[in-house]
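Hello,

Here is the structure I promised to pass on. Please open it first, then read my notes below.

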Amino acid sequence: MTGIETAEAQQHPGQPVKVRKKSRSHARRRLRRRLVRLAVAIGILALTGGACAAWLAHRADQVKTHLEATAVLLPAVEQKLLAGDVEGGKAVLEELQDHSTAAREAGTDPLWKAASSVPQLGANFSAVTAVAQSADDVVQGAVAPLVGTFGSIAWEDLAPKGGKIDAAALRDASPTLGTAARTVQLSYERLAAIDQSALLPQIAGPLGEAITPLNEARGALNAAAATAKVLPPMLGMDGPRNYLILIQNSAEVRATGGIPGAVAVISADRGTIKLAGQASAGDVGIFDPPLDVPEDQERIFTTRMGTQLQNVNLTPDFPTAASTASSMWEKRNPGTKIDGVIALDPLVLANVLRATGPVALKDPAMLAVVKPTGLPATLTADNAVKTLLSDSYAALPDPGLQDDYFARMASEVFTAVADGQGDGKRLVEELVRSSEQNRLYVWSARPDEQRAISTTAVSGMIAGSAQERASFGLYFNDSTGAKMDYYVRRTAQLVQACTPDGGSAVTLRVTLTNTAPADAAGSLPKYVTGQGVFGVEAGRVRTNVIAYGPGRSLLEKARAGGGAAQLSSFRQDQRPVAVLTAEMGPGETETVEIDFSRVTAQSDLDLNVTPTIQPLEDVVRPPVRAESCPAH
């Protein structure tokens, strides 16, 4: 009997075998496929010995050696470029390209690819191949073109000089930056999609180490590409623009940072930027009926969002807050077109002052007011936050004068920046740092520009790609009606537990401490404590805590002070939202825990929080993952 006849006889014992001629060619093809698979399997089994094993071991050593060299040379290129040694960077790049190419060749060897099809062990070979390919893609498609582009841009020129920013070089670099960003993004997605739970520890560990810097690089490149795309037109290179600036006062917390106190309008025309006007947010007045805002956010934050400029950022979704603020300004100033909104807080001003150096108040009328109070007439990086968010309230009991002083000092900082005072390169670095701290937000009224901005940290978006990750949000809104948040200290931490079926539950643990003096009711200015006007006893702090879970997760329950807490439950853009209230007297601490279920177990836990006067790293504690949770 033939092999086919034997197989059929085994399937139908005791029955005569009938061989159909028409099926023989099909059977032979099936047999050949089986033989090929058998050959592959034999080759893989030889991993434990023989020529195949020796060759694979040789290739593995090559991959390891060249990837290690790549990891060493990548930062070396960066160091050369940052030092201004572009030619030196190009020389290191050539060596880097040789190593990444060699790693790719070793990791895509035919026998190596064959090994990838072996059950269980094959996933490890595939993972190594993906790492080698991604490393070479990044080097050839991102690093190499960026080295040439970097040499053509004087980054310090992106800082204003004489009231003007030259963005021509950045516009020329835009296509290269866009390509590099896409290359790194695709490489990151390729590695992030690998199931690390199926890998040996020797492979999973290095894979995780490769994903982390790629994740950081894609964020930076996406931001750089978006900046190169939108900054030239936003600077008026294609026509004049007007921008509304919201300076958020962190002493009275709002979801995106603080209540908008001082506001300004700047104009941009062919790179020239000017301060076109400034005012207090209170000058905009009250809108009755309120302006329309998205229904899902109105349910959470009420119609107050549309009644006053001071309340537009009760929502943490900055595009909503910005578009509402823009509409308010245009309605109060007919004929004025706002092309975008920028928000920042006093800590951004402090960061900027590290680059510009001290800035002096020049307005004679305000100088006359300030002189007898002891308030500084010169703002520095060291005194800016305390002066603007605390001392000014004690020295200037009139709220109107407080806002005026705040606005005048902010204006002086803007003038120093526009004139090119200080270190231009340091200024760019400090603005980048401010965006990384979630203290700087940008919105454009132009849809194409806004789409580019939405991929960056300055967008302040609640919806979008963040829903796909284990991304949480923690935001605060003052309910005291005063300026007591200067004295509140906060910490936040995500704690994850996982089940064998792949499920995951995460608890968001929040602590709030009122550090105001015990005699705050009498020792602090009335404007700071609020004097109970909104139902909160002077010296106490009442805060609305708003927690967002990832998209498609579920909100379960909350606890406060060890017992069950009353909460309100909502949804926004498929994300569950919890709202509850915490109140603390001087020296008191309140701990709140909010539980979410159906959270993706394999994803990194990411937490975005309202920026306060505290450094971000002091607020957000590293997440805690139970041992039962899979590697990621």
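**The second largest pocket**

Five elements each supply at least two residues of the lining of the second largest pocket: strand E2 (259-269), helix H9 (295-301), strand E8 (470-478), strand E11 (541-548) and strand E15 (575-584). Keep in mind that this is a predicted model. The volume of this pocket is about 720 Å³. Its lining has 34 residues, and the closest to the centre are Glu252, Arg254, Arg304, Asn311 and Asp478. Sorted by class, the lining of the second largest pocket has 15 polar, 13 nonpolar and 6 charged residues.

**The cavity**

How many cavities of 30 Å³ or more does the structure hold? It holds 1. The largest cavity has a volume of about 40 Å³. Gln437, Arg439, Val609, Thr610, Pro611, Thr612, Gln614, Pro615, Leu616 and Val619 line the largest cavity. By class, that lining has 5 nonpolar, 4 polar and 1 charged residues.

**Rings**

There are 5 aromatic pairs in the structure. One of them joins phenylalanine 472 and phenylalanine 596. Their ring centres are 5.6 Å apart and their planes stand at 65°, so this pair is edge-to-face. The cut-off for that label is over 60 degrees. The pair links distant parts of the chain. Phenylalanine 472 is in strand E8, while phenylalanine 596 is in strand E16 (residues 589-597), 124 residues apart.

Now look at tyrosine 486 and tyrosine 487. Their ring centres lie 5.3 Å apart with the planes at 85°, so this pair is edge-to-face. Tyrosine 486 is buried, and tyrosine 487 is buried too.

Two arginines also meet rings. The charged end of arginine 332 sits over the ring of phenylalanine 287, at 3.9 Å from the ring centre. The charged end of arginine 490 sits over the ring of phenylalanine 476, and here the distance to the centre is 4.6 Å.

Start with threonine 507. You will find threonine 507 in strand E10 (residues 504-514). Its relative accessibility is 16%, so threonine 507 counts as buried. The cut-off is under 20%. The side chain of threonine 507 makes a polar contact of 2.7 Å with the side chain of aspartate 595.

Next is leucine 494. This residue belongs to strand E9 (residues 488-498). Why does leucine 494 count as buried? Leucine 494 counts as buried because its relative accessibility is 2%. Between leucine 494 and glutamate 593 there are 9.7 Å in space, C-alpha to C-alpha, and the two are 99 residues apart in sequence.

Where is aspartate 423 found? Aspartate 423 is in the loop between helix H14 (399-418) and helix H15 (424-436). With a relative accessible area of 42%, aspartate 423 is partly exposed. A polar atom of the aspartate 423 side chain lies 3.0 Å from the backbone nitrogen of lysine 425. Aspartate 423 and threonine 356 are 67 residues apart along the chain, and 6.2 Å separates their C-alpha atoms.

Best wishes

Methods
Residues are numbered from 1 along each chain as its sequence is written. This is a predicted model: local features need pLDDT of at least 70, side-chain atom pairs count only at pLDDT 80 or more; totals for chains, interfaces and linings use all residues. Side-chain values use heavy atoms; hydrogens and water are left out. On a 1 Å grid over the protein atoms alone, a cavity is a set of points where a 1.4 Å probe fits but cannot get out, and a pocket is an open set with protein on both sides within 12 Å along at least five of seven lines; lining residues have an atom within 4 Å of a point. Grid points are joined across faces, edges and corners, and a volume is the space filled by probe spheres set on the points. Helices (H or I, at least four residues) and strands (E, at least two) are DSSP runs, numbered from the N terminus. Ala, Val, Leu, Ile, Met, Phe, Trp, Tyr, Cys and Pro count as nonpolar, Asp, Glu, Lys and Arg as charged, and the others, Gly among them, as polar. Rings of Phe, Tyr and Trp (its six-membered ring) pair if their centres lie within 6.5 Å; planes under 30 degrees apart count as stacked, over 60 as edge-to-face and the rest as tilted. Buried means under 20% relative accessible area, exposed over 50%, partly exposed in between (1.4 Å probe, protein chains only). A charge sits over a ring if NZ of Lys or CZ of Arg is within 6 Å of the ring centre and within 35 degrees of the ring normal. A polar contact is a pair of N or O atoms within 3.5 Å; within protein, one must be able to donate a hydrogen and the other to accept it, and residues adjacent in sequence count only if both atoms are side-chain atoms.
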